[in-house]
Amino acid sequence: MYAYVAPSLVSAILGAQLVLSLALLKGEICPGQRGRFHRAYWVLVFAWVILVPSSFLATIPFLFLGLFAFRSKTGKTRHSGPIPLLHVANLTACVAWLIITASQGWMVAVFGLLQVVLLGASAGHGLLVRAKSRLQAFDNLLPLASVLALMATVFLVAVAASLTTFTTVNINALFAGVGLGLLGIAASIWHLLKHTKPAWWRLMIGFGFLFAASVSLNTIVMG
């Protein structure tokens with residue numbers, strides 16, 4: 001079971017880490033927001049620990065990201081501070097993601113790339129809202145990115161299923177994945193439909209559904 005979870009987990013962590021880094025480095029944020037962003041990185045630091053049994057390389061982004069979070073202040077770290085550590089952490093996270101997913105086959109790597117967008121946008125959005133981000137563009141773009149990634153994911157799974165023997169287990173996994181994915185998308189875009197501010201707890205529920213959907217679809221892609 002862990003073999004099906006690891007590709008989705010590393011994709012979610014990498015995607016969320018890149019979303020937070022983009023918001024930190026490119027977003028117009030005040031020092032107070034920046035401090036809350038730094039605290040959000042600790043969630044990802046401990047998430048990397050879970051991946052250590054899957055690949056020892058996960059310890060490298062864990063160490064660099066942890067060091068960045070530990071040394072970060074609420075000052076203007078966009079222009080000073082341990083930003084090089086953040087770049088190294090992102091680079092090593094990409095390497096760890098590539099090794100973990102590619103070791104399962106090229107199809108899993110392609111599927112994992114879509115999961116980086118699907119799960120990373122969802123998890124990253126939840127962390128930004130939890131950090132009380134005022135970057136409204138992310139509130140609009142990240143849910144839409146998840147919608148497009150889910151559509152591409154379902155199409156890829158359909159292609160992968162056509163290349164293998166389609167069993168009852170695969171059919172159940174496909175229906176479960178699509179159903180859970182739609183529930184996750186509904187929770188993720190709820191604030192867009194209702195024209196309200198996104199709620200952190202609803203986004204996390206949406207991420208949970210999307211993560212479960214990805215794990216279910218992994219059983220088809222990984223054969």
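I sorted the lining of the second largest pocket by class and got 12 nonpolar, no polar and no charged residues. Here Ala, Val, Leu, Ile, Met, Phe, Trp, Tyr, Cys and Pro count as nonpolar, Asp, Glu, Lys and Arg as charged, and the others, Gly among them, as polar. This is a predicted model, so I kept local features at pLDDT of at least 70 and side-chain atom pairs at 80 or more, with all residues in the totals for chains, interfaces and linings. Residues are numbered from 1 along each chain, and side-chain values use heavy atoms, without hydrogens and water.

I took a pocket as an open set of points on a 1 Å grid over the protein atoms alone, where a 1.4 Å probe fits, with protein on both sides within 12 Å along at least five of seven lines; lining residues have an atom within 4 Å of a point. Volume is the space filled by probe spheres set on the points, joined across faces, edges and corners.

The second largest pocket holds about 200 Å³. Its lining includes Leu9, Val43, Leu127 and Phe207. Helix 1 (2-26) gives the most, four residues. Helices are DSSP runs of H or I, at least four residues, numbered from the N terminus.

Next I looked up the largest pocket, about 310 Å³. Of its 14 lining residues, Ser133, Gln136, Asp139, Lys197 and Pro198 lie nearest the centre. The lining has four nonpolar, six polar and four charged residues. Helix 6 gives the largest share, three residues.

Conventions
Helix = DSSP H or I, 4+ residues; strand = E, 2+ residues; numbered from the N terminus.
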